[in-house]
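Thank you all for coming. I would like to talk through a few elements of one model, so please keep the structure open while I speak.

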Amino acid sequence: MKILQTDCLVIGAGIAGSVYAHEAARQGLKVTLLSCDAWEQANSDLAQGGMVYEPNMDIDALLKDVRLATAGLCNETAVKELSLAGCQAVEKIFLKQLNTAFSRDEKGQLLFTKEGAHTKNRIIYWKDTTGHCLLSSIHASLQQEKNVEILQYTSAIDLLTLSHSSTNPMDRYAPLTCFGAYVLDNKSGEVFAIVAKKTILATGGVGQLYRHTTNAAHSYGHGIAMAYRVGARVMNMEFVQFHPTVFAKGKNFLISEALRGEGAILRNVNGDAFMAQYHPLKDLAPRDIVARAIEEERLKTSHDCVYLDITHHPAEHTQARFPSIYQTCLKEGIDITKDLIPVVPAAHYFCGGIFATPSGRTNILNLNAIGETACTGYHGANRLASTSLLEAVGSGFLCAHADGQEIAEQSFYIPTPKEWIVPEKEPDLNLIKQDLATLKSTMWNYVGLVRSATHLSRAEKILRHLHNEIDAFYKGYALNQSLLDLRNGTQTALLITYAALKNKQSIGCHFIQ
């Protein structure tokens, strides 16, 4: 078995992992950055609306808005530390070093907008493709960085720990410590090990566990499942945020909350603007409230969607502000300057994950978690719009600098990992596809936007059986990405369901009938 060595193994090339790689490399550390697909295929790339940023952050005002949106369950220390670090990183990396494009006025000043549950304009953006703008900018920089090795189409399989993976039997008595991962080359099928002083999980969210989602193709909670298998603490797993407005006809894609920030109005099939009945902030209410209101209106009207109306805005402004949404909808036969946009809720952002400090520390030594796969408590029971990119940038920045200091000051024991034996028999792809469909339909129907004890109990039985079957099946076949999606997705789905069953209180995006 081939064994590669690096200082920092970063699993996931979204904005959190990329910021980490950028900062660690500039401290002279050797970084290996993994992406299971082409590296631009990340949830970060799909973020439309924008990112919270203030040159002189009014942290108390932001905290007040975060506290409201998160149903009072946010970790206030994490909100403060990550918000301030995020703004520092945006200024240092994206504004000064990379000169990243953001929308500006005729004088060259940054434009700021407002989204749901914000009390002021504090969100910077690039039209309606902010995530792509950020990610492409930092990826271009990483490609020129001599200390960063980028391995695309390479998936982590399992984490290496002293107690599980060392060839030295005495290492079982050491504290729980990570020293890298087994990985799969998705093109050749080769399995090899990468050993590292620091292993960083930046694998994104869980949206692909659901039938309808805004997430990238392999967002099955891979990092969460891998970390849980070796003893990491996970928390707030019941809090899956559903975005209220996803295009309802044809292919699912996000219709940014920024449209409502610019004045778009939600209407039911009868043309009635309904959000005033549900919340004083109307169309800019917290996302969980808007999503459930849409579901209630759909049921009331016996219609399969509601509609977003921005036709009252000048067509030129709409096309200039939301060019990607305009063109994507136009391909589906909807001209948003003239037509109402059909929308439904869909799985969007995960507020739970691997418990981590603001600098990414988990309960396992030398294993860090950043971005959406981590749970710092920033998002509590429900995320405030446009804080996810800020948290991801802040956590990648803080984690890289903390790791740089520890690597400079400490020594690291890296044993030889055990051999990974790859079975030759190829798995049945049709069976994997069928099991993935079962997973998605179970989560959508029973662990979705509106939950009940009966539905959750049924989901737990289905998922437990599926998990047991897959665990046995998995051991006898060669690996591929779909099998990893299924294995890790089923584990993460069970953790979400267990947490939802345990929490009897409706709070934030966990709503119990």
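This is a predicted model: local features need pLDDT of at least 70, side-chain atom pairs count only at pLDDT 80 or more; totals for chains, interfaces and linings use all residues.

Q241 stands opposite Y349 in strand β13, and this belongs to the antiparallel pairing of strand β10 (residues 240-247) with β13, which runs over 6 bridges; two strands count as paired if DSSP finds at least two bridges between them. Residues are numbered from 1 along each chain as its sequence is written, and side-chain values use heavy atoms, with hydrogens and water left out.

Staying with β13 (residues 341-350), strand β12 (residues 306-309) also pairs with it in the antiparallel sense, over 3 bridges, and there V306 has V343 as its bridge partner. As for burial, 10 of the 10 residues of β13 are buried, that is, under 20% relative accessible area with a 1.4 Å probe, protein chains only.

Turning to helix α7 (residues 222-229), 6 of its 8 residues are buried, so the helix is largely enclosed by the rest of the structure; those buried residues are H222, G223, I224, A225, M226 and A227. Just after α7, G231 takes a positive phi of about 105 degrees.

Finally, helix α4 (residues 76-97) packs on helix α12 (residues 388-409) at an angle of about 85 degrees, with the axes 7 Å apart, and the two are therefore roughly perpendicular, a term that covers angles of 65 to 115 degrees.

Technical notes
Buried means under 20% relative accessible area, exposed over 50%, partly exposed in between (1.4 Å probe, protein chains only). Helices (H or I, at least four residues) and strands (E, at least two) are DSSP runs, numbered from the N terminus. Axes are lines fitted to C-alpha atoms, for helices over the stretch in contact, and angles run from 0 to 180 degrees between N-to-C directions. Angles under 35 degrees count as roughly parallel, over 145 as roughly antiparallel, 65 to 115 as roughly perpendicular and the rest as oblique.
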